[in-house]
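Have your viewer ready and try each task before reading on.

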Amino acid sequence: MNDEGKTKEQLIQELTEMRQIVSALEKLVDEHKKVEDDLRKNNAILQDFMDNANDLIQSITQDGRFLYVNRAWLETMGYSEDEISNLNIFNIIHPDCIPHCMTIFQDIMAGGIVSNIETIFVAKDGTSIMLEGSINTKFENGKPISTRGIFRNITERKKLEDALKIAATIDKLTDIYNRRKFEDILKQEIERTKRYKSPLSLVMFDLDHFKNINDTYGHQVGDYVLKTIANIVRNNIRITDFFGRWGGEEFMILMPETTLKNAGELTEKLRNIIENYIFEDVKSVTISCGVTQFIKDDTFDSFIKKVDNALYHAKKRGRNRIEIWG
């Protein structure tokens, strides 16, 4: 039926239906625009968040090319956006970390998620950047196409941790083991010598008349003498020996795999070197030494007591000498 054969009521009805369809289409278009606007706003918020995040954010392809890095990444690593396109992730990983990172990368591309990874990137200027973070995989049609990682720069934290670790184990003045660390090492070596029945010798020495040095020349000179003697000993003991400051002007040397006879000979060598060293201001400094060896019935305390007794006798018998305590 053409429009001429339709009644007025029919035409009005069709017009009303057409208007409803147009109105519905206009509503769909408005809703679509709103969705697009919301999506753009959300993308802008996400982009702003990523660009202004303090953490380093990156996305890389299966072959290690960069798809995206945020502003913090660029600023930390010292690269421009144009330079990123020519970089591969393995160009910036520290050589020591590459084997471990390659294994992780393969696991991730197989669908794994890695949390709490620690690695080291090398910035454009050669600076090592220590990082921790997490990485996961982006899939498309069931196939891995890229990885996404978020990292935190922990370089300063690691430096602080290292400094605290050193402070907890190293004597600040002499730069050798402090008493706490030396005691830990001594306990470990005692257990080892018990297990393997290997010889273990211990030396304790102190500076003769050190109070007179401080009283006559001042504590600054006294500190210089302590540091100098520490350097002399450190440079003349074996790489397998342990050297620590026991307290004040007292020092300890632990000699694994060393008999009492050999420990005595090594200690006499050190005593002689120090006696013949010319110190600034003070000129001559001597040491008294006690030497002992661990035996099967010894404990940590008895071992210390024996070497302390040996040192006491060395001082009582005239100083600048060594005494052996079997």
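Predicted model: local features only at pLDDT ≥ 70, side-chain atom pairs only at ≥ 80, totals over all residues.

**Exercise 1.** Classify how helix α8 (residues 210-217) lies relative to helix α9 (residues 219-234).

*Solution.* Start with the axes: those of α8 and α9 come within 7 Å and cross at roughly 140°. Next, apply the cut-off: roughly antiparallel needs an angle over 145 degrees. That makes α8 oblique to α9. Now list the partners: Phe210, Ile213, Asn214 and Tyr217 of α8 meet His219, Val221, Gly222, Val225 and Leu226 of α9. Sorted by class, this contact has six nonpolar, three polar and no charged residues. Finally, look at what follows α8: Gly218, with a positive phi near 100°.

**Exercise 2.** Work out which residues of α8 are buried, and which are exposed.

*Solution.* Phe210, Ile213 and Asn214 are the buried residues of α8. Their arc around the axis is only 95°, so they sit on the same side of α8. Lys211, Asp215 and Thr216 are exposed on the other side of α8. To finish, ask what the buried residues of α8 pack against: β6 and α9.

**Exercise 3.** Compare the span of helix α10 (residues 260-275) with the expected value, then locate its buried residues.

*Solution.* With 16 residues, α10 reaches 22 Å from its first C-alpha to its last, close to the 22 Å expected at 1.5 Å a residue. Its buried residues are Leu260, Ala263, Gly264, Thr267, Leu270, Arg271 and Ile274. Viewed down the axis of α10, these fall within an arc of 125°, so they line one face of the helix. The elements covering them include β6 (200-207), α9, β8 (250-256), β9 (287-293) and β10 (322-325).

Note on methods. Residues numbered from 1 in each chain as written. Heavy atoms only, no water. Axes fitted to C-alpha atoms, helices over the stretch in contact; angles between N-to-C directions. Helix = DSSP H or I, 4+ residues; strand = E, 2+ residues; numbered from the N terminus. Parallel < 35°, antiparallel > 145°, perpendicular 65-115°, else oblique. Contact = heavy atoms within 4.5 Å. Nonpolar A, V, L, I, M, F, W, Y, C, P; charged D, E, K, R; others polar. Expected span 1.5 Å × (residues − 1). Buried < 20%, exposed > 50% of the residue type's maximum accessible area, 1.4 Å probe, protein only. Arc of directions from axis to C-beta.
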